[in-house]
Protein chains: 2
Amino acid sequence: MTDARAATIEDVARHAGVSRAAVSKVIRNAYGVSPAMRERVTAAIEALDYRPRVAARAMRGSSFTLGIELPHIGNPFFTKIVAGATAALQGTGYQLIIAPADENGDEGIRALGALADRQVDGIIAISPLVSTDWLERLGARMPVVMIGRHDRSEHYDTVTGDDASGTRLAMAHLFELGHRRIAHLTRSEDVTEPGSGTPHAIRLEEYLAAMRAAGLEDEIRVVRTGMTEDAARLDTLALFDDDRPTAIFAGNDELALGALRAVGEAGLTSADVSVVGYDDVDMASHPAISLTTIDQSGVEMGDRAIRLLLERIRDARTEPTHFSVTPVLKPRTSTRAVRAG
Amino acid sequence: MTDARAATIEDVARHAGVSRAAVSKVIRNAYGVSPAMRERVTAAIEALDYRPRVAARAMRGSSFTLGIELPHIGNPFFTKIVAGATAALQGTGYQLIIAPADENGDEGIRALGALADRQVDGIIAISPLVSTDWLERLGARMPVVMIGRHDRSEHYDTVTGDDASGTRLAMAHLFELGHRRIAHLTRSEDVTEPGSGTPHAIRLEEYLAAMRAAGLEDEIRVVRTGMTEDAARLDTLALFDDDRPTAIFAGNDELALGALRAVGEAGLTSADVSVVGYDDVDMASHPAISLTTIDQSGVEMGDRAIRLLLERIRDARTEPTHFSVTPVLKPRTSTRAVRAG
DNA sequence: CACTTGGCGTAGACCGATTTACGTCACAGC
DNA sequence: GCTGTGACGTAAATCGGTCTACGCCAAGTG
């Protein structure tokens, strides 16, 4: 209120009786600083409560900021990724900022662009809807790690779960329980475009392949829904109207929870309709829910993404690296053997 | 890969055959631009795919970035707030960035400092652990809106739920169902310090007041736990060991879900132990969970916080404003009448 | 003794935008 | 014809850091 503006490097320099460059050196721990000067400067910084403006630093140097773009912040799997990322960042001097995209496809590009405009030193992207071309160009400009995408680029790293084998685990589990009429609950076409390499696309393809391999081509049933639990709930309810399946393989846990909600609302239980999800969100293990799902360790993915990013930034690595997490089946009570008869 | 660096305002100016200042004017929609020039400059921007560097803008003007600090990103109530905030920001030209704090008290200050260093135009803070003094100083420097805090400052706005009346709703509901032995599950002392005005402090105080007013002083039982669902689960299980309460009023839904988990794991049901939460997180309404809770509309809080912030930024408002959301009881099946006998 | 060498510090260019101060031009009014 | 005025542009200062190039000095070296 009173004195207004915060101290600048100039103020610190004057206060310590040295040059701006000297202060800068001390801050950056650069070469060519005597212990005596370091002492004086540190004291001045302390005294004036000085904090370097990131915007000014970013103009020539780096911003010490990493950005992560999140579509749909409500998905608890993404928050696991963020948790892993923040943990990996402890003590590195880098700050993570999250740009929420929400909504539709263009929002992802908007959020990524916003991060780039803010001169972050590196970006973690999750949005599967952004085109490879666009990402490729972004990756040429700055370090980028893409989570959950199976295309392999020259210019960015990827961290993925093995969605194909994860889906096979889920399907094998259902087959073992005797299910034949298995529906797949997935998102809209744009996220499952064949060959696009998005997780949902691969899970869909692998579902189809598993059904065909089991000779169940006629039982194939793909249900499209939105991004939220509530959309999944409504579309699952509609699915029950005609010719109910005995099991539902959902594209992720959020959709699976919606399906489970529908099962409950329709007065059914897992004895009538089994549900398998994907991600092993925290809530899945809750005893009241007990959702069978595929664990792909979001925390490890976030951790890994940060490590790869830091390698690119600090060690100036440029050859692309691809890391894959092995999925694990978590059988719980939302799946049961199909009713005899 | 080839041409490297992105276009600057200088490039655009050269391409359009005008001065840098002219381009700047066009971008900012400032006064003194002929239609002809606007046309030429716009074309050049288009052609070069120019995007202004935020860091450079921030050095003199504003960054068009708003920051929100989130402790513990895993709490789904906070994601509701973010959802409300992003929605309110649509089309304003401002970008929201989230600084995750996680962990303990100091992390909140670290995250807020990081946002300030990044020259955001305004900050929404949720961390209840930061001292009023510190926030006061921050608020003197830049627009700040504090969510969920009942102290009234000269220098920042607040958006709160009416925690006192919300707690009264919850307790009245339990009394009505015949409960007398009601425990309160809350966080550690630092978040519930009497007089600090944090939501958890007020809920605790109001719980104590309600118990005393009902003549149940002897039944008061305050259980401390951590921040996560899992901590709540463990401490609730421990609580069951000796002399089980018939109802638990939890400080928020995340803790309530942990308590519910414990109830399930102990082989009990809501007929044995009723549970009330606070926040009305999405999962609370899931039929398998069906948690009785207090709705305080996180979405509206996020929306409101953004509006207040934009008022301070654009209209240069300086008198502090305080907005309160009225809580609503959502009775569900996690609470039942106490067993006769 | 002249000459390198390494340690320490400074001056000043630079990053890419905004903003201020000022110049020019056309036109209206007297 | 002279002057005042508003519209439109531009040059240059500025924001707060980083980084390069260079200067100075004391200690080795041949």
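## Exercises on a two-chain predicted model

The contact (heavy atoms within 4.5 Å) takes 51 residues from chain A and 51 residues from chain B. This is a predicted model, where local features need pLDDT of at least 70, side-chain atom pairs count only at pLDDT 80 or more, and totals for chains, interfaces and linings use all residues. Residues are numbered from 1 along each chain as its sequence is written, chains are lettered from A and ligands numbered from 1 in the order in which they are written, and side-chain values use heavy atoms, with hydrogens and water left out.

**Exercise 1. Work out how much area is buried between chain A and chain B, and which residues of chain A lose the most.**

Step 1. Start with the idea: the size of an interface is often given as the accessible area lost when the parts come together. Here, buried area is the accessible area (1.4 Å probe) that two parts lose on being put together, summed over both.

Step 2. Now the value: about 4,100 Å² is buried between chain A and chain B, and carbon and sulfur atoms give 58% of that.

Step 3. On the chain A side, Gln95(A), Arg118(A) and Arg261(A) lose the most area to chain B, together 15% of what that side buries.

**Exercise 2. Find the salt bridges and polar contacts between the chains, then the elements behind them.**

Step 1. Look for a side-chain nitrogen of Lys or Arg within 4 Å of a carboxyl oxygen of Asp or Glu, which is the salt bridge rule. The count between chain A and chain B is two. One of them joins Arg51(A) to Asp117(B), with the closest N and O atoms 2.7 Å apart.

Step 2. Next come polar contacts (a pair of N or O atoms within 3.5 Å; within protein, one must be able to donate a hydrogen and the other to accept it, and residues adjacent in sequence count only if both atoms are side-chain atoms). The interface has 18 residue pairs in polar contact, both residues being at pLDDT 80 or more.

Step 3. Helices (H or I, at least four residues) and strands (E, at least two) are DSSP runs, numbered from the N terminus. Elements giving two or more residues to the side of chain A that touches chain B include helix 5 (76-89), strand 2 (95-100) and helix 11 (253-265) of chain A. Strand 2 of chain A gives the most, with six residues.

**Exercise 3. Decide how the buried residues of helix 1 of chain A are arranged.**

Step 1. Buried means under 20% relative accessible area, exposed over 50%, partly exposed in between (1.4 Å probe, protein chains only). In helix 1 (residues 9-16) of chain A, Val12(A), Ala13(A) and Ala16(A) are buried.

Step 2. Look down the axis of helix 1 of chain A: the buried residues fall within an arc of 100° (taken from the directions from the helix axis to the C-beta atoms), so they line one face of the helix.

Step 3. Those buried residues pack against helix 2 (20-28) and helix 3 (35-48) of chain A. Just after helix 1 of chain A, Gly17(A) takes a positive phi of about 70°.
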